[in-house]
Amino acid sequence: MSASDYKYTDALVEVKGRIGIIKLAVKLNRPKALNAFSTTMMLDVITALRELNEHPATVFTVLTGEGRFFSSGVDVKAVASRPPVKSSSLAERKIASMTGLVPALEMLRSLIDHQKVLVLALNGPAVGGGAAWFEGAADLFLAAEGSWLQVPFNSLGLVPENGSTTLFSHHIGVRRANEFLMFGRRATVEELETWGLVNRVFPKENFHGSVLAYLEKQLEENDGKSMMETKRLQNLPLRRERMLAVYDSVDALAEKTLDGASVKRFEQKNAQLSSRSKGQAKL
């Protein structure tokens, strides 16, 4: 689905409907890379959110993944291969870093300002940005059994991204959010359901079908515009705090990159991944 000439490369976008009520799914489509986020994928998601926002008949926007992972976060190999900004000015280096974070900032703004009921359908594990960017911003969080979230930001010399500290603390409280975001603790969706972050856990088999059936049932029983208005009223007082949290995290991340710790840790991580890939190739 595309109302413009834009060609999606890392996402599949479709609208499915019945009885004049349409629900939709945005599926991250890089299963071989475990749906690692690139700038192209961010642009796909931003474009899809804009187009679906303007669709006259939809009520739900479903964000899910294709393959065994929802998303493994930012593409580590791409980050490690970026040439460093050569400047003695810390201000210039920080501005360059912030410029690179603009696509993620706009993606979070698009999620926060999305007018349709935003449903995260976690089809599998999520790591890093995949585990932090969407879970707190979604209106509903549905997950496949056995899935889990993990955010290794601090182990990579980074800070929690895109307002995730505030977005998570809204749902699970400050102390649980601290342990999850600070220590990189792996949390299962079954556990997160008891914490109040996940709404429902569905069987892994036919997960997407179960999600669609569940939402279709809601559309049969509830007025679509009423659900969207409920979402608007729920999020209205939260919008300013969420956007400020996103900006603050972008500023903090750009400042943290100046110490060089993340570059070294990303290089180490990339070397580990390359060594693992070579080892598997020999098998």
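1. Two strands pair if DSSP finds at least two bridges between them. Keep that in mind for the strands below. The model discussed here is predicted.

2. Start with strand 4 and its neighbour strand 6. Strand 4 and strand 6 (residues 140-144) run parallel and share four bridges.

3. How many residues of strand 4 are buried? Six of its six are, so the strand counts as mostly covered, where buried means under 20% relative accessible area. In a regular strand the side chains alternate between the two faces of the sheet. In strand 4, Val117, Val119 and Ala121 lie on one side, and Leu118, Leu120 and Leu122 lie on the other. Both faces are covered.

4. Now look at helix 4 (residues 102-112). Its buried residues are Ala104, Met107, Leu108, Ser110, Leu111 and Ile112. An α-helix has 3.6 residues a turn, so residues three or four places apart point the same way. What covers the buried residues of helix 4? The cover includes helix 1 (39-53), strand 4 (117-122), helix 6 and helix 11 (239-256).

5. Helix 6 has a contact with helix 7 too. Two packed helices are described by the angle between their axes and the distance between the axes. For helix 6 (residues 164-172) and helix 7 (residues 174-183), the axes come within 7 Å and cross at roughly 130 degrees. That makes helix 6 oblique to helix 7. The crossing is right-handed.

6. Which residues of helix 6 and helix 7 meet? On the helix 6 side they are Ser164, Thr165, Phe168, Ser169 and Ile172. On the helix 7 side they are Val174, Arg176, Ala177, Phe180 and Leu181. By class, this contact has six nonpolar, three polar and one charged residues.

7. Three strands form an open sheet with mixed pairing, in the order 5-7-8. Strand 5 (126-127) and strand 8 (187-188) are the edge strands, and each pairs on one side only. Strand 5 pairs with strand 7 (residues 148-150) in the parallel sense, over two bridges. Within that pairing, alanine 126 stands opposite leucine 149 of strand 7.

Notes: Residues numbered from 1 in each chain as written. Predicted model: local features only at pLDDT ≥ 70, side-chain atom pairs only at ≥ 80, totals over all residues. Heavy atoms only, no water. Axes fitted to C-alpha atoms, helices over the stretch in contact; angles between N-to-C directions. Parallel < 35°, antiparallel > 145°, perpendicular 65-115°, else oblique. Left-handed = near helix turned anticlockwise from the far one by under 90°. Contact = heavy atoms within 4.5 Å. Nonpolar A, V, L, I, M, F, W, Y, C, P; charged D, E, K, R; others polar. Buried < 20%, exposed > 50% of the residue type's maximum accessible area, 1.4 Å probe, protein only.
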